[in-house]
Each structure stands twice: as structure tokens, then as C-alpha cells.
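Subject: Handover of a structure for your review

Dear colleague,

Please find below the structure that I am handing over to you. My notes on what was found in it follow.

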Amino acid sequence: MNDEYHLNFYQKGQLPAYPYRMETGEFVFCRQGEGSLYINQQRFTLSMGNVILVFPDQIVLYADVSNDIELTTFSFSRQFRHEIFYSLPSDKVSFLREHNYSLFEEKAWNGILNYLAILEQKCAESSNVYQRELIVYCCRMLFYEICNQTEHLYRQSQANHLRWRIKDQFIALVIQSFREERSVDYYADKLCITPRHLSKTIRQTIGCTAKEWIDDYVILEIKVILNSTAYSIQEIANQLNFPDQSYLGRYFKHHTGVSPTTYREMNRLEASPTK
């Protein structure tokens with residue numbers, strides 16, 4: 001497997017049933033079937049013609065996928081991502097981090113499939129001395145097609161620039177500081193606005209309150225740790241600055257309906273048949 005990029009093909013039994021943190025960036029192309037893909041709590045529909053861009057460090061969860069689901073993904077390192085995105089202004093890259101979903105109609109989708117066929121061919125040409133350069137340019141073509149699909153949303157967001165900027169800054173702050181700070185007042189103070197204004201803006205842009213988004217992100221992080229590590233509940237409580245494991249347990253159960261230990265055991269049972 002190349003350390004910078006890798007082309008993958010997935011069907012239902014090969015997709016994780018639990019949330020996990022992306023270490024690389026990834027294009028997700030849905031070729032058949034349907035389902036949902038959650039990225040940092042935001043739900044995206046999977047159906048033929050959908051392309052979703054996932055960034056490193058985002059938390060991903062596949063859910064409710066149909067038996068006939070077929071996905072092609074192209075994962076890439078942080079450095080490779082810079083080479084794909086280098087010519088875009090930083091505000092547009094930031095926009096795509098939060099608005100990373102595109103739906104292509106039949107004619108345009110056939111064009112995407114042609115690009116994918118070329119990409120697959122070039123990934124297999126290990127003897128080609130220009131293999132990497134060809135793959136970079138193919139990815140750029142795919143990326144610009146995605147940018148074109150989201151251009152109208154980008155222009156719309158510029159018309160409501162302040163509201164979307166507050167939302168983007170809030171999400172970035174939570175991801176940076178949720179281990180130490182989980183109050184709306186803290187983030188409103190950082191953004192120099194009132195807690196009420198912050199919650200109103202988050203509801204308008206995301207569809208939930210600021211407190212709900214914070215709590216949901218914390219729960220998502222706990223799930224990732226429970227699924228991907230062997231840390232004890234007390235160790236997780238320490239990492240996330242909960243007073244003790246009992247407090248974390250009550251917090252987790254309040255939001256999920258099960259204890260952290262039960263959640264971990266349930267997911268181990270679900271994962272065991274595919275090992």
C-alpha cells in the first residue's frame with residue numbers, strides 16, 4: 001500500500017459499524033445502494049452519484065447501509081491533500097470541510113466514473129515513472145468537479161458570511177478545546193458574542209443548539225476511544241477531564257441510553273464476525 005494514497009472498494013460487510021477518526025483525507029464515491037455517512041455528527045446521504053470529501057481528524061460513521069452498497073474511496077495523506085488543494089483559496093477549503101457533499105446527475109456522474117477509471121488505472125501502473133504526478137492531476141480534476149457542484153452553496157454562504165463564519169469558528173474551537181471546556185458560555189466568550197446569539201446561530205446553520213452540538217461531539221469522541229483503544233473508563237475520564245469515571249458513565253448513559261462498558265461490549269460483539 002502506498003503511504004501517500006490508496007484506492008479502495010467497499011461493500012456492506014467491509015464497512016465499520018462504529019465511529020472512527022480519519023487519519024487521512026478521503027474521497028468517497030457511492031456507486032450503488034444507499035445509506036448514511038455521518039461526519040462530525042453531520043449526516044450525508046449515500047446514493048448513486050454522491051461524492052463526499054472527508055478531511056483528516058474528522059469522525060466518521062456509516063449507518064443504515066443497504067445490502068447492495070458499493071463504495072469506491074480514494075484516501076490520501078495530509079501532504080498529498082495539499083498538492084490537490086494548493087490552488088484553492090483557504091476560505092474555500094474551509095467551506096468544503098463543512099459542505100463536503102456533492103450529488104452528480106447522470107451525465108456528470110458518467111464523467112466522474114471516467115475519471116475514476118483513469119485513477120484506478122494509474123494507481124495500478126507502478127512502473128510508470130510519472131505515476132504520482134498523473135494521480136495528482138487526476139485527483140485535481142475530480143476535486144474541481146466537486147468544487148463546481150458546490151459553487152452555488154459557496155456563493156450563498158458568502159452572502160451570509162458572518163453567520164457561517166461564527167459556525168465554522170465555533171466548531172473549530174470545540175474540536176480544539178472540548179476536553180477542557182464544555183460550556184456554551186466559554187465558546188460564546190471566545191467568539192465575543194452572547195450565549196444566546198451563539199445558540200441561535202448554530203441552530204440556524206446546523207439545526208441544533210450549541211450545547212447539543214458540544215455534548216454530541218464529546219459523546220462521539222468517547223465512542224471513538226471506546227472502540228479504538230483498551231483504555232479503562234477511568235483513563236478516558238482523565239483524558240477528557242471528567243471529575244471521575246462515575247460522572248463520565250452517567251453523562252454517557254444520559255446521552256446514549258447505555259453505559260460506556262455496555263457500549264464497548266456491544267460493538268465488540270458486532271465487530272467479531274468480520275474479523
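**Strand pairing**

Leu37 stands opposite Phe44 in strand 5. In strand 7, the bridge partner of Leu37 is Tyr62. Strand 4 (residues 34-39) runs antiparallel to strand 5 (residues 42-47), and six bridges join the two. Strand 4 is also antiparallel to strand 7 (residues 59-63), with four bridges between them. Two strands are taken as paired if DSSP finds at least two bridges between them. Strands 4 and 5 form a hairpin with two residues between them, and Asn40 in the turn has a positive phi of about 45°.

**Basis of the values**

The model is predicted: local features need pLDDT of at least 70 and side-chain atom pairs count only at pLDDT 80 or more, whereas totals for chains, interfaces and linings use all residues. Residues are numbered from 1 along each chain as its sequence is written, and side-chain values use heavy atoms, with hydrogens and water left out.

**The chain as a whole**

The protein chain contains eleven helices and nine strands; these are DSSP runs numbered from the N terminus, helices being H or I with at least four residues and strands E with at least two. Of its 275 residues, 45% count as buried. Buried means under 20% relative accessible area, exposed over 50%, and partly exposed in between (1.4 Å probe, protein chains only). The accessible surface of the chain comes to about 14400 Å², and 49% of this belongs to carbon and sulfur atoms; the areas come from the Shrake-Rupley method with a 1.4 Å probe, and for residues only the protein chains shown count as cover. Among contacts (heavy atoms within 4.5 Å) between residues at least 6 apart in sequence, 72% join residues at least 24 apart.

**Salt bridges**

The structure holds eight salt bridges, each defined as a side-chain nitrogen of Lys or Arg within 4 Å of a carboxyl oxygen of Asp or Glu. One of them joins the side chains of Glu4 and Arg132, at 2.7 Å from N to O. Glu4 lies in the segment before strand 1 (5-11) and Arg132 in helix 4 (residues 131-159), so this pair ties together parts that are 128 residues apart in sequence. Glu4, Glu83 and Arg132 are linked in a network of salt bridges.

Glu221 forms a salt bridge with Arg21, the closest N and O atoms being 2.0 Å apart. This pair links distant parts of the chain, with Glu221 in helix 8 (residues 210-228) and Arg21 in strand 2 (residues 20-21), 200 residues apart. Glu221 is buried at 5% relative accessibility, whereas Arg21 is partly exposed at 26%.

Lys211 and Asp215 also form a salt bridge, with 3.3 Å between the closest N and O atoms. Both residues lie in helix 8, four residues apart, about one turn of the helix. Lys211 is partly exposed at 36% relative accessibility, while Asp215 is buried at 8%.

**A buried arginine**

Arg182 is found in the loop between helix 5 (161-177) and helix 6 (184-190). A polar atom of its side chain lies 3.0 Å from the backbone oxygen of Phe178. Leaving aside neighbours within four places in sequence, Arg182 is in contact with residues including Lys211, Ile214 and Tyr251.

Kind regards

Notes
A polar contact is a pair of N or O atoms within 3.5 Å; within protein, one must be able to donate a hydrogen and the other to accept it, and residues adjacent in sequence count only if both atoms are side-chain atoms.
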